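Here is a short briefing to read alongside the model. Take a look at the structure first, then join the tour below.

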Amino acid sequence: MLIINILILNNRTKVDTIESKIQLNSQEFLNNKKEFEKILKNYYESLEKAKLGGSKVATEKHKLRNKLLARERIDKLVDKNSPFLELSTFAAYGQYADQFPSAGIVTGIGLINGREAMIVANDATVKGGTYIKETIKKHIRAQEIAMENRLPCVYLVDSGGVFLPEQAEVFPDRFDFGRIFYNQAKLSAEGIAQISIVMGSCTAGGAYIPAMSDESIIVRNQGTIFIGGPPLVKAATGEEITAEELGGADVHTSISGVCDHLAENDLHAIEICRSIFETLPKPIKFSIDRIESEQPNYTSDEIYGIAPIDLRKPLDPKEIIARIVDGSKFHEFKSRYGTTLVTGFARIMGYPVGIIANNGVLFSESALKGAHFVELCNFRKLPIIFFQNIAGFMVGKQYEREGIARNGAKFVHAVATASVPKITIIIGGSFGAGNYAMAGRAYDPAFLFMWPNARISVMGGEQAANVLVTVKQDQLKADGKTINNDEIDNIEASILRKYEEEGSAYFSSSRLWDDGIIDPADTRKILGMCIEVSLNRILNEPKTGVYRM
Ligand code: COA
């Protein structure tokens with residue numbers, strides 16, 4: 001009896017381990033890898049450029065003032081040899097004549113005295129650290145992540161406030177500049193600590209950043225805080241005053257009380273901030289059955305030979321999962337049903353998770369399976385990882401009649417109402433309502449990253465071109481006219497060009513539709529960090545609305 005049990009157990013363990021079918025020496029694998037290496041080369045070159053920040057002249061000027069650069073400040077602030085998960089490095093990429101690398105602000109999650117924290121650092125080498133639309137979006141997104149995951153925030157302030165020529169894009173609307181300070185009040189009310197270090201300018205509305213923080217530090221002869229700078233004061237009242245006299249470190253630590261700690265330089269200020277972290281209460285994470293992690297049975301760089309470049313080619317997502325999850329073990333759920341969606345349980349860095357991955361177009365059955373699986377994870381309190389590579393939902397008479405809209409709605413509903421953390425990685429295509437069902441940005445995933453090969457748009461360029469040509473043909477037909485081939489070619493070419501440009505991962509990341517573009521080989525490590533961070537949240541009890549049956 002015992003022997004039989006062991007045999008069954010061994011057999012089950014074997015079934016649960018994904019056996020890769022990829023031939024590493026096949027031409028197909030090698031060609032894909034070669035193509036992917038080109039994509040990666042471009043990715044790393046662009047990343048490096050974005051991380052340089054502002055112009056050489058601005059950087060030199062900054063250094064001559066004995067100031068550390070934004071990323072150097074972060075490097076000194078976080079624990080030695082600990083990882084820093086930088087978010088949205090490609091914000092504003094390809095916009096504003098590329099004058100705003102990373103949108104002039106660096107955000108990300110790092111460890112300060114062993115404590116996870118959200119860090120938001122202005123890059124004063126980029127137009128004086130001023131805020132354009134994407135800077136604000138990035139700052140607000142960082143606060144949103146901090147709020148959901150109860151992360152203390154550190155603001156490294158060095159900014160001239162709003163980028164004045166863009167005022168109509170940044171000033172008055174709901175999620176514009178003012179939202180930053182609104183969020184500070186809300187974070188504070190939730191008991192989430194916020195510390196500011198004023199390391200440079202902190203002008204106008206920006207003055208509220210330290211003023212609304214729990215504790216603030218200011219650097220002598222370097223940090224200034226004022227609601228109106230010297231030129232404005234002169235214009236308004238005729239008073240002539242230096243910046244230091246108006247709002248320097250001495251004034252704010254001994255007279256106004258806007259700041260609590262005086263630092264001699266950047267490093268000293270960082271040291272004070274780290275010591276404040278020692279006084280913060282320990283976070284309480286929700287309990288999850290973490291065990292010791294094991295490496296996948298396949299190396300992560302093999303993903304380059306498999307990752308989808310030509311999105312028309314099918315990809316078995318289990319080949320990707322095998323290279324990301326612990327021991328390549330995957331306890332698949334409903335493996336024989338709704339097979340265009342792969343669902344199952346696994347561990348990443350020892351954390352138990354549910355995984356949902358696309359394996360083709362979504363049909364009614366796959367949508368129902370997805371909804372069922374989300375419910376399982378929700379009730380078992382397991383984070384859900386979505387691997388998006390989705391062309392959309394199936395179209396056609398048969399599918400409409402069997403109620404694909406109704407069934408797709410169940411999946412979308414389950415994803416929208418799930419209270420467990422959702423983490424989305426767009427590994428290939430992200431098209432149409434498939435983006436929604438697979439926890440796209442509108443579905444509030446805790447984090448959403450894209451691989452550099454990934455593409456995102458309402459539909460593929462070719463389909464969009466076909467739709468628009470048909471619409472035009474129908475319009476003309478109603479007037480008794482026809483469209484000629486040249487006109488068709490023109491419509492198609494312009495739409496294809498537009499979709500080609502707007503569908504790229506860089507276009508998306510530039511506009512903060514995601515939290516960043518990542519190297520596929522880093523996916524496991526990044527997921528591990530994101531899961532750990534997401535355990536700080538307070539989970540609501542599962543609650544759903546009306547499912548259309
Ligand atoms: N809007 C638009 N551009 C601004 C700006 C603002 N608020 N503040 C600075 N800039 C631009 C400058 O024009 C300059 O652009 P350039 O590189 O194309 O010439 C660049 O940012 C750097 O400014 P500069 O003054 O040369 O750098 P600095 O390090 O000596 O000073 C500031 C930086 C931010 C302290 C200083 O520029 C300043 O006080 N700006 C005005 C701040 C203000 O009143 N803001 C109110 C907004 S609500």
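Which residues in helix 5 meet which residues in helix 7? His139, Ile140, Gln143, Ala146 and Met147 in helix 5 meet Arg179, Ile180, Asn183, Gln184, Lys186 and Leu187 in helix 7, where contact means heavy atoms within 4.5 Å. This is a predicted model, in which local features need pLDDT of at least 70, side-chain atom pairs count only at pLDDT 80 or more, and totals for chains, interfaces and linings use all residues. Residues are numbered from 1 along each chain as its sequence is written, and side-chain values use heavy atoms, leaving out hydrogens and water.

- The contact of helix 5 with helix 7 divides into 5 nonpolar, 4 polar and 2 charged residues (Ala, Val, Leu, Ile, Met, Phe, Trp, Tyr, Cys and Pro count as nonpolar, Asp, Glu, Lys and Arg as charged, and the others, Gly among them, as polar).
- Helix 5 (residues 133–148) and helix 7 (residues 178–189) pack at an angle of about 10°, their axes 10 Å apart (axes are lines fitted to C-alpha atoms over the stretch in contact, and angles run from 0 to 180 degrees between N-to-C directions; helices are DSSP runs of H or I, at least four residues, and strands of E, at least two, numbered from the N terminus).

**The cavity linings**

- Strand 4 (153–159) and strand 5 (194–203) each supply at least two residues of the lining of the largest cavity (on a 1 Å grid over the protein atoms alone, a cavity is a set of points where a 1.4 Å probe fits but cannot get out, and lining residues have an atom within 4 Å of a point).
- That lining has 5 nonpolar, 5 polar and no charged residues.
- For the second largest cavity, the lining has 8 nonpolar, 2 polar and no charged residues, with strand 3 (115–122) and strand 4 each supplying at least two.
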